[in-house]
Amino acid sequence: KWVNGYKLTSSDGEHSLKFGGRIMYDYATWNTGDESYSGTEFRRVRFFNSGKVYGNIKYKLQLDFAGGGVSFKDVYIEAALPYVGNFKVGHFKEPFRLEVLTSSKYITFMERGLPIAFSPERNVGFMLHNSFMDDKLSVQAGLFREAEKDSPGNDTNIDNVNNITARLTFLPINDRGNLLHLGAGFSSRHTSNQKYSISTRPENHLGTKLLNMELDSVSGMNLIGAEMAFVMGSFSVQGEYVMNSVKGVEGYSFSGYYGQLSYFLTGEKRKYKNSLAGFDRVIPNSNMKEGEGWGSLELAARYSSMDLSEAHAGVLNDITIGLNWYLNPCARVMFNYVMGTLEDHDGKETTENTFQCRIQIDF
């Protein structure tokens, strides 16, 4: 059957199989200082197969073909254990930050906010997670190591790098289209090569890396994150703050945050999936086809910031205005205008203004 993707289910419900993918094609034009640029890219081209066997064992295999190569995304096995919760092992997202855990298919803007440069994403490891109080309270904790880019999971030496990441969320409100999500996360991380670097663009994946930093003699870091999302009908607010304490010969403290607003002009609302997956697919009140309508429209705005001034790298601030046109539940067109400003250690400002758009389909 079709459930915004193709799915097979056994008559007893014990076994299921789903396959699908996504294509995101981007165009951007931007200016950095006095220089102007433009470009296109397949931002994401993915195919996945997932399923359930004998009721309590799940799996997923997701590959990305963007850039002409092949890379692992979600590749894991998950089991529901009595009295313990769910045990997950493989290559998947560490449980840290709502925006990161929300699929790129469903995020409000083309790119995630600036704090993404601090956040651990997919790595190799295992995790326990469970929900309580009718799914209002959720706990996730896991042990991970930095995955090798070319062959994640095929590492012969795993003794020197162990990262512990945990997250707690609470839903005081989740009823009749209204939602309040609160959460906090912690990640203790270690590095084997004594180096730590950050290089980030102003929310334009094709753009210029304005903020750059590299530190030596680093033994690890501690990340603390706080997250909040509020949905009231067609209106939503979301924000997160991340503090990064870097350990080494010299100690540094960095921070990043964002806050965003969105509103559906056509009456839809952001749908919440669960604590571990964040927000879900938007279902337009009408699809763009003859006799039905023109889909749905969402207006959004975000302010985000990253402060690396303790390492004399500067502060990067972004303002992003977005318009999303949902043609149907599986296709949308996104328009973003991004205004980024870097203030370096000497007080000099560098600006980058970007207009970008995305055509997206997922199933």
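1. Surface. The protein exposes about 17500 Å², and carbon and sulfur atoms supply 56% of that area. Accessible areas here come from the Shrake-Rupley method with a 1.4 Å probe; for residues, only the protein chains shown count as cover.

2. Basis. This is a predicted model: local features need pLDDT of at least 70, side-chain atom pairs count only at pLDDT 80 or more, and totals for chains, interfaces and linings use all residues. Residues are numbered from 1 along each chain as its sequence is written, and side-chain values use heavy atoms, with hydrogens and water left out.

3. Fold and dimensions. The protein has 1 helix and 21 strands. Both are DSSP runs numbered from the N terminus (helices: H or I, at least four residues; strands: E, at least two). The C-alpha trace spans about 65 × 55 × 45 Å along its principal axes. The radius of gyration is 21 Å, which agrees with the value near 21 Å for a compact globule of 363 residues. That radius is taken over C-alpha atoms, and the globule rule is 2.2 Å times the number of residues to the power 0.38.

4. Burial and contacts. Of the 363 residues, 46% count as buried. Buried means under 20% relative accessible area, exposed over 50%, partly exposed in between (1.4 Å probe, protein chains only). Among contacts between residues at least 6 apart in sequence, 57% join residues at least 24 apart. A contact means heavy atoms within 4.5 Å.

5. Cysteines. A search of the whole structure finds 0 disulfides. The criterion is a pair of cysteine sulfur atoms within 2.5 Å. Cys330 is buried, at 9% relative accessible area. Cys357 also counts as buried, at 18%.

6. The loop between β11 and β12. Thr208 sits in this loop, between β11 (195-200) and β12 (211-216). Thr208 counts as partly exposed because its relative accessibility is 28%. Leaving aside neighbours within four places in sequence, its contacts include Trp30, Thr32 and Glu352. His345 is 137 residues from Thr208 in sequence, and the two are 18 Å apart, C-alpha to C-alpha. Glu203 lies in the loop between β11 and β12 too. Glu203 is not a glycine, yet has a positive phi of about 60 degrees. At 5% relative accessibility, Glu203 is buried.

7. Asp135. Check the backbone here as well. Asp135 has a positive phi of about 70 degrees, although it is not a glycine. Asp135 lies in the loop between β7 (122-132) and β8 (137-145). Asp135 is exposed, with a relative accessible area of 53%.
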